[in-house]
Amino acid sequence: YDTTWQGCSKWIYEMKFDERYTFIVSGTVHSQRHRHHSHHELEEMSAFGADLLYVNAAIEDYFRTEHESAIMGDIRDIYLELQFLSRRLQNYWTMQGASVRTTAV
């Protein structure tokens, strides 16, 4: 049907995940413009970790399960526990090669 969207007929995603699949370490999105039945070379549109950020939404479960024991404590204890877990996760992501923008999520 020669259907296009924003002038492109094809997108190719390359993604490298961390070993636990919690975020995309790196990767690119390439598009191919389609004009009058002729295909053109792929163009890089975006890069994961720079233009695109992906963090698995299930990461919330990490925080929920890791701090369940602190729920009965006071709010300050819960805050400190979540802060600790957040730093631990950021350290893990940094060791896995996450960009600064990704770890800021």
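Residues are numbered from 1 along each chain as its sequence is written. Because the model is predicted, local features need pLDDT of at least 70 and side-chain atom pairs count only at pLDDT 80 or more, while totals for chains, interfaces and linings use all residues; side-chain values use heavy atoms, with hydrogens and water left out.

**The nonpolar patch**

Let us start on the surface. Trp5, Trp11, Tyr13, Met15, Phe17, Tyr21, Met45 and Tyr54 form a nonpolar patch there, with about 860 Å² of accessible area together. Nonpolar side chains (Val, Leu, Ile, Met, Phe, Trp, Tyr) are joined within 5 Å, and like charges within 9 Å. Areas come from the Shrake-Rupley method with a 1.4 Å probe, and for residues only the protein chains shown count as cover.

Which strand gives the largest share of the patch? That is β1, with 4 residues. Strands are DSSP runs (E, at least two residues), numbered from the N terminus.

**Met15**

Met15 is found in β1, which spans residues 8-17. Its relative accessibility is 42%, so Met15 counts as partly exposed; buried means under 20%, exposed over 50%, and partly exposed in between. Leaving aside neighbours within four places in sequence, Met15 is in contact (heavy atoms within 4.5 Å) with Ile24, Ser26, Gly27 and Phe48. Met15 and Ser26 are 11 residues apart along the chain, yet their C-alpha atoms are separated by 6.0 Å.

**Aromatic pairs**

A search of the whole structure finds 4 aromatic pairs. Rings of Phe, Tyr and Trp (its six-membered ring) pair if their centres lie within 6.5 Å; planes under 30 degrees apart are stacked, over 60 edge-to-face, and the rest tilted. Here are two of the pairs:

| Pair | Centre to centre | Angle between planes |
|---|---|---|
| Trp5 and Trp11, tilted | 6.1 Å | 55° |
| Phe17 and Tyr21, tilted | 5.4 Å | 45° |

Trp5 is exposed at 54%, whereas Trp11 is partly exposed at 32%. Phe17, Tyr21 and Tyr54 form one aromatic cluster.

**Thr28**

Leaving out residues up to four places away in sequence, Thr28 touches several others, including Ile12, Tyr13 and Phe48.

Technical notes. Buried < 20%, exposed > 50% of the residue type's maximum accessible area, 1.4 Å probe, protein only. Patch = residues over 30% accessible without salt bridge, like charges linked within 9 Å, V, L, I, M, F, W, Y side chains within 5 Å. Salt bridge = Lys/Arg side-chain N within 4 Å of Asp/Glu carboxyl O.
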